[in-house]
Amino acid sequence: MVENDECKGEAKEEAKAKVTPWEVRGVVDYDELVVRFGTTRLEGATKRRLVELAGEDHWMLRRDIFYSHRDLDTILDRQSKGKPWALYTGRGPSGHTHLGHVTPWMFNKWLQDRFRVPMFFQLTDDEKFVFNPELTLEKTHEYALENALDFLALGFDPKLTKVVIDTDLIRTMYPIALRAAKRITFSTARAVFGFTNENNIGQLFYTSMQSVPAFLPSALAGEEVPTLIPAAIDQDAHFRITRDVAPHLGYPKPALLHCKLLPSLLGGDKMSASDPESSIYTTDKPKVVRKKLMNAFTGGRVSVEEQRRLGANPDICPVFWYEHYLFETDDAKLADIERRCRSGELLCGEHKLALYAKVEKWLEHHQSERERIRAHLDDFMMKD
Ligand code: TYM
């Protein structure tokens, strides 16, 4: 059975924010998560090496948006020696894609551009079916195809990118999932995910499906091809299990790169799929985007007069965080926005309109790309 080194001491401390693959609740302390999950901060020599090997920096590294990892050095070692490795990331198709999902995908795209490595993109229609009482398999499969368009619209290389839809690729995936499942006890799954008697058995099995693409490149090549999985830190629990079972199945442990979660437009933490007002979807029309941004929470004051006098607080402001995560990639310009915000020079209404212009420009391009890709989607699909 699994030694469970990475699954030990799973926290049940209610005072801390809840961060699981299915729910993020409370104020997330990202430093505390590094300790609680037993990951390593992305800093110092490892971070410098990543930038050096990539040949350029990325704003998500400079701003500590990607801030934590597991075993990144093993991937960087392989890169230095010219040995193969692959990227793996994914999406649980429970609805349309929002800008939170796009955050780690942009960084994945940059990694593929810089390192020219294969990318396996998993769409877990099975996961969203077993976890969401309202969703049918037909619906999750439909969303899987829609979400794939969003991923591919970011410009992943058609020659290097494969899309894996769980229920479509099941003949290839099932034997590997079974071998993983045989190594995962109920007690481990319960400790890691907090399962109770009310969880259905599809949910218990599911994590073994999320392990599969971590091993697929090795299984396909018949030699060690470790994967690097860049995702938000909410997905880490799955991969603690994947890393524990890997050696028992004869595969290398996947490495991980973790990012922070793009906050809700309404203030607070991870965007909530149950409240469409909390996030901007890639399929939103301009009028909807504008309304969501104009209604967003900010770090502003109650009156213009007070704001001019005392300034606003970007530390708690989703409008500022959208710039920081995604829409102002120039550090000097971001610093200027922050200065003008703190000094009271920039009012929240003006800032919202300026952000809207950037988001709308990005969305216009994205929406036309996702429609262009639609005709070629099948070429990206991995088939049994
Ligand atoms: P899902 O669909 O919840 O999320 C897809 C990806 O988006 C990240 N994410 C966010 N990143 C930044 N800010 C946010 N507000 C935010 N919300 C979600 C997630 O961490 C994820 O990277 N079970 C997975 C699907 C999956 C997967 C994978 C994800 C299968 N294999 C491998 C990552 C890596 C899921 O439901 O993701």
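This is a predicted model: local features need pLDDT of at least 70, side-chain atom pairs count only at pLDDT 80 or more; totals for chains, interfaces and linings use all residues.
Strand β7 is largely enclosed by the rest of the structure, because 4 of its 5 residues are buried.

- Strand β7 is joined to β6 by parallel pairing over 5 bridges.
- Within that pairing, F120 has K162 of β7 as its bridge partner.
- Further along the sheet, β5 (residues 86-91) and β8 (residues 227-232) also run in the parallel sense, with 2 bridges between them.
- In this second pair, L228 in β8 is the residue that stands opposite L87.

**Helices on the sheet**

**Helix-helix packing around α14**

- Helix α14 (residues 318-327) packs with α5 at an angle of about 35°, and the two axes are 10 Å apart.
- On the α5 side, this contact involves L99, T103 and M106, which meet Y322, Y325, L326 and F327 in α14.
- By class, the residues where α5 and α14 touch are 6 nonpolar and 1 polar, with no charged ones.
- Helix α14 also packs with α15 (residues 331-343), here at about 170° with axes 10 Å apart.
- That angle makes α14 roughly antiparallel to α15, since angles over 145 degrees count as such.
- The residues involved are F320, E323 and H324 from α14, together with L334, I337 and E338 from α15.
- The contact of α14 with α15 comprises 3 nonpolar, 1 polar and 2 charged residues.

**Helix α12 and its two faces**

- In α12 (residues 286-294), the buried residues are V289, K292 and L293.
- Viewed down the axis of α12, these buried residues fall within an arc of 95°, so they line one face of the helix.
- As background, an α-helix has 3.6 residues a turn, so residues three or four places apart point the same way.
- The buried residues of α12 pack against α16 (348-374).
- On the face turned away from the buried side, α12 carries the exposed residues K287 and K291.

- F380 sits in helix α17 (residues 377-380).
- With a relative accessible area of 6%, F380 is buried, because buried means under 20%.
- Leaving aside neighbours within four places in sequence, F380 is in contact with L152, F156, P158, T161, K162, V163 and I373.
- Although F380 and L160 are 220 residues apart in sequence, their C-alpha atoms are 9.2 Å apart in space.

**Loop residues to look at**

- Most residues other than glycine have a negative phi.
- D71 is not a glycine, yet has a positive phi of about 60°.
- D71 is placed in the loop between β4 and α4.
- The relative accessibility of D71 is 32%, so D71 counts as partly exposed.
- R116 has a positive phi as well, near 50°, and is also a residue other than glycine.
- R116 belongs to the loop between α5 and β6.
- At 44% relative accessibility, R116 counts as partly exposed.
- N132 is located in the loop between α6 (125-131) and α7 (137-152).
- N132 is partly exposed, with 22% relative accessible area.

Notes: Residues are numbered from 1 along each chain as its sequence is written. Side-chain values use heavy atoms; hydrogens and water are left out. Buried means under 20% relative accessible area, exposed over 50%, partly exposed in between (1.4 Å probe, protein chains only). The arc is that of the directions from the helix axis to the C-beta atoms. Contact means heavy atoms within 4.5 Å. Two strands pair if DSSP finds at least two bridges between them. Axes are lines fitted to C-alpha atoms, for helices over the stretch in contact, and angles run from 0 to 180 degrees between N-to-C directions. Ala, Val, Leu, Ile, Met, Phe, Trp, Tyr, Cys and Pro count as nonpolar, Asp, Glu, Lys and Arg as charged, and the others, Gly among them, as polar. Angles under 35 degrees count as roughly parallel, over 145 as roughly antiparallel, 65 to 115 as roughly perpendicular and the rest as oblique.
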